Amino acid sequence: MQAVRQCSVCASGAAGGLLRNQTDFSGAACIRFISISESGQISSSKSGVQKLEDKTNAAHISVTTTSGVSGLNTISVTKQVENLSHESLIRRAASVATDGSSTFLLQTTIALTDALKDYSKAVHTRVAFQRRYLATLRKLTSAEEDSLLEVINMQRAEATDRLDDCKRFESAWINAVNLCKVAAEAAHSSGAELASITVRTNVQVAQSQVEEARTLSADADKKLAETKVEEIQRMAEYAASRWDSEEHEVHEAYLRED
């Protein structure tokens, strides 16, 4: 057996004699379903109400979550707008300029130091052959002397080519240093202080490496100059000895004729 408990609106309608005239639809809109158990006790079914509350809570959570996400999106967009300001773009461009100038400086430094080292090696090789020639002067045959002189001339040409490379790469290196200095100043004035410090440090390191390579080439040039002085002295002695020998031979021939 089932029964229904009407709400206050329906009850007042029944008291006025209007319940009979109302449709089942209007009554269904106001009633709460009640079931009578087999023991005769009445238990209220709260499933409908519970579902309604769950939907309400879910809707509230959904709205809150959506609102939170919207807030995060707003912050993200605001941050992106700040990052695209003129000052920020200038700082980024200045950093790119320092990166490019540092790369240019690195490549020219490597090229110049390698050229200076190659020049030093060529000069040392030439000096070694020249000293060998001077040490064996008047001890070699004409063919051996010509062969040694040919090697010396080849080493002289090699050293000259390496010196031309040094001059060419040094010009590019100087331009790279000047470019780095300008980029560092631009980065400093635009607020990219870290980029400015980095490129200035790179310039100092590059200058130190080039100076070390220049020291090696200067030592080679010094030894070459010493060898040239020694060569002049030895050739003068050799010419004088030959002159004395030829004069002595002429004198002996003259005496034989007498």
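**Entry 1: a pair in helix H5**

I began with Asp 165 and Arg 162, which both lie in helix H5, 3 residues apart, about one turn of the helix. The model I am reading is a predicted one, and I kept that in mind for each side-chain distance noted below. Asp 165 and Arg 162 form a salt bridge, and I noted 2.9 Å between the closest N and O atoms. I then looked up the accessibility of Asp 165 and found a relative accessible area of 16%, so Asp 165 is buried, since the cut-off for that word is under 20%.

**Entry 2: following the charges along the helix**

From Arg 162 I went on to Glu 158, whose side chain meets that of Arg 162 in a salt bridge at 2.5 Å, N to O. Arg 162 and Glu 158 are again both in helix H5, which covers residues 142–190, and they stand 4 residues apart, about one turn of the helix. Glu 158 has a relative accessibility of 34% and therefore counts as partly exposed.

From Asp 165 I went to Arg 168, and here too I found a salt bridge, with the closest N and O atoms 3.0 Å apart. Arg 168 is partly exposed, with 47% relative accessible area.

Which residues are linked in a network of salt bridges? I wrote down Glu 158, Arg 162, Asp 165 and Arg 168 as the linked set. A search of the whole structure gave me 5 salt bridges.

**Entry 3: how H4 and H5 lie against each other**

Two packed helices are described by the angle between their axes and the distance between the axes. I looked up both values for helix H4, residues 86–135, and H5: their axes come within 6 Å and cross at roughly 160°. Angles over 145 degrees count as roughly antiparallel, and H4 and H5 are therefore roughly antiparallel to each other. I also noted that H4 passes H5 in a left-handed crossing. The residues of this contact of H4 with H5 divide into 32 nonpolar, 10 polar and 10 charged.

**Entry 4: Ala 220 in helix H6**

Next I turned to Ala 220, which lies in helix H6, residues 193–257. Is Ala 220 buried or exposed? Its relative accessible area is 0%, so I recorded Ala 220 as buried.

I then asked which residues Ala 220 touches, not counting residues up to four places away in sequence. The contacts I found for Ala 220 are Ser 120, Val 123 and His 124. For Ala 220 and Ser 120 I also looked up the separation of the C-alpha atoms, which is 5.5 Å, although the two residues are 100 residues apart along the chain.

**Entry 5: the whole chain**

Last, I stepped back to the protein as a whole, which has 6 helices and 2 strands, and which follows the pattern α-α-β-β-α-α-α-α when read along the sequence. Of the 258 residues in the protein, buried residues make up 21%. Among contacts between residues at least 6 apart in sequence, I noted that 77% join residues at least 24 apart.

How values were computed
Residues numbered from 1 in each chain as written. Predicted model: local features only at pLDDT ≥ 70, side-chain atom pairs only at ≥ 80, totals over all residues. Heavy atoms only, no water. Salt bridge = Lys/Arg side-chain N within 4 Å of Asp/Glu carboxyl O. Buried < 20%, exposed > 50% of the residue type's maximum accessible area, 1.4 Å probe, protein only. Axes fitted to C-alpha atoms, helices over the stretch in contact; angles between N-to-C directions. Parallel < 35°, antiparallel > 145°, perpendicular 65-115°, else oblique. Left-handed = near helix turned anticlockwise from the far one by under 90°. Nonpolar A, V, L, I, M, F, W, Y, C, P; charged D, E, K, R; others polar. Contact = heavy atoms within 4.5 Å.
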